[in-house]
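Could you walk me through this structure, telling me what to select next in the viewer and what I will find there? I would like the cut-offs behind each term along the way.

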Amino acid sequence: MLIATPIKDLKMRKLAPLLTILILFVAVTPAFATIYEFTPSQPDLFDLDHSKYYLWGINWTPVAGEEIVSINLAIDDINNWDDYNNILYIHLLERMRTGLAVRTDYQGGGDSIASWASNNHISDLLLDTYTDSDGGVGGDVIDYLYSFSASDIAYFNLFAADGNFGLGFDPDCHYWNSGVRFTIETRAIPEPASMVLFGTGLLGFFFRRRFA
Ligand SMILES: [Ca+2]
Ligand SMILES: [Ca+2]
Ligand SMILES: [Ca+2]
Ligand SMILES: [Ca+2]
């Protein structure tokens, strides 16, 4: 069992106000989180038709003074048409003309985004593949969510540095869904100057208490 111990030690008594201020500071500092959300012009990407692949170009420039905390790709209510083929390839692209482009692969050719990127000399990263666990229309209809790893975010920062990047989807077979969303969450990078000021203030407070 945990029992709260009173602060008996003299040193700790002196440090207590300092700790209180630190805790207050953490508690009152707003997170400054900003969410940037993107949806393709056709929100469900035409239900990810098996005979196509989709290239979605997005213009977004990393904001000075902000760092990326998380990036998520969501596809709501995804469900495969049948299990003749059952794989959806999802790529991050270094660049892509803004908006949505639909190309044809007749459901074949494996990962058509990888081939397209290679043929067009565009750097790309295979983010994920999705397979419907029950194969077909029955059973599971799930909300797919892919959260970028730290390494994915590093690639994203590289790809988006010039203000443009893309996402590529190759469904082989058909994936019904009710919408695709791409979300970037950032937070303000603490400014070194204000941290120094804050530190100086704390020190001042501590010494005033100590030598008063
Ligand atoms: Ca396809
Ligand atoms: Ca394909
Ligand atoms: Ca299913
Ligand atoms: Ca780029």
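## Stop one: helix α3

Select helix α3 (residues 150-160), where the buried residues are Asp152, Ile153, Phe156, Phe159 and Ala160. Buried here means under 20% relative accessible area, exposed means over 50%, and partly exposed lies in between (1.4 Å probe, protein chains only). Helices (H or I, at least four residues) and strands (E, at least two) are DSSP runs, numbered from the N terminus. Look down the axis of α3: its buried residues fall within an arc of 125°, so they line one face of the helix. That arc is taken over the directions from the helix axis to the C-beta atoms. Ala150 and Leu158, on the other side of α3, are exposed.

Before moving on, a word on the model: it is predicted, so local features need pLDDT of at least 70 and side-chain atom pairs count only at pLDDT 80 or more, while totals for chains, interfaces and linings use all residues. Residues are numbered from 1 along each chain as its sequence is written, chains are lettered from A and ligands numbered from 1 in the order in which they are written, and side-chain values use heavy atoms, with hydrogens and water left out.

The buried residues of α3 pack against β3, β4 (87-93), β6 (124-130), β7, β8 (164-172) and β10, where contact means heavy atoms within 4.5 Å.

Next, centre on Phe182. Leaving out residues up to four places away in sequence, Phe182 touches residues including Trp56, Leu73, Phe148 and Phe156.

Two strands count as paired if DSSP finds at least two bridges between them. Highlight β3 and follow its partners:

- Strand β10 (residues 179-188) pairs with β3 in the antiparallel sense over 10 bridges, and Gly179 is the bridge partner of Asp76.
- Strand β7 (residues 142-147) is also antiparallel to β3, over five bridges, with Tyr146 opposite Leu73.
- Strand β9 (residues 175-176) runs antiparallel to β3 and is joined to it by two bridges; Tyr175 is the bridge partner of Asn80.

## Stop four: the calcium ions

Select the calcium ion (ligand 4). Its donors are Glu94 (O), Glu94 (OE), Phe159 (O), Asp162 (OD), Asp162 (OD) and Asn164 (O), at 2.3 to 2.9 Å. Donors are N, O and S atoms within 2.8 Å of the metal (3.2 Å for Na, K and Ca); water is not among the atoms, so sites may look incomplete. The six donor atoms subtend angles of 48 to 165°, which makes the arrangement irregular. Asp162 counts as exposed at 51% relative accessibility, whereas Asn164 is buried at 13%.

Finally, select the calcium ion (ligand 1). It is coordinated by His50 (O), Lys52 (O), Asp105 (OD), Asp105 (OD), Asp170 (OD), Pro171 (O) and Asp172 (OD), at 2.3 to 2.6 Å. Asp170 is buried at 0% relative accessibility, and Asp172 is buried at 3%. The calcium ion (ligand 2) lies 3.8 Å from the calcium ion (ligand 1), and Asp105 coordinates both.

Technical notes:
Tetrahedral: all angles 85-135°; square planar, octahedral: opposite > 155°, others 65-115°.
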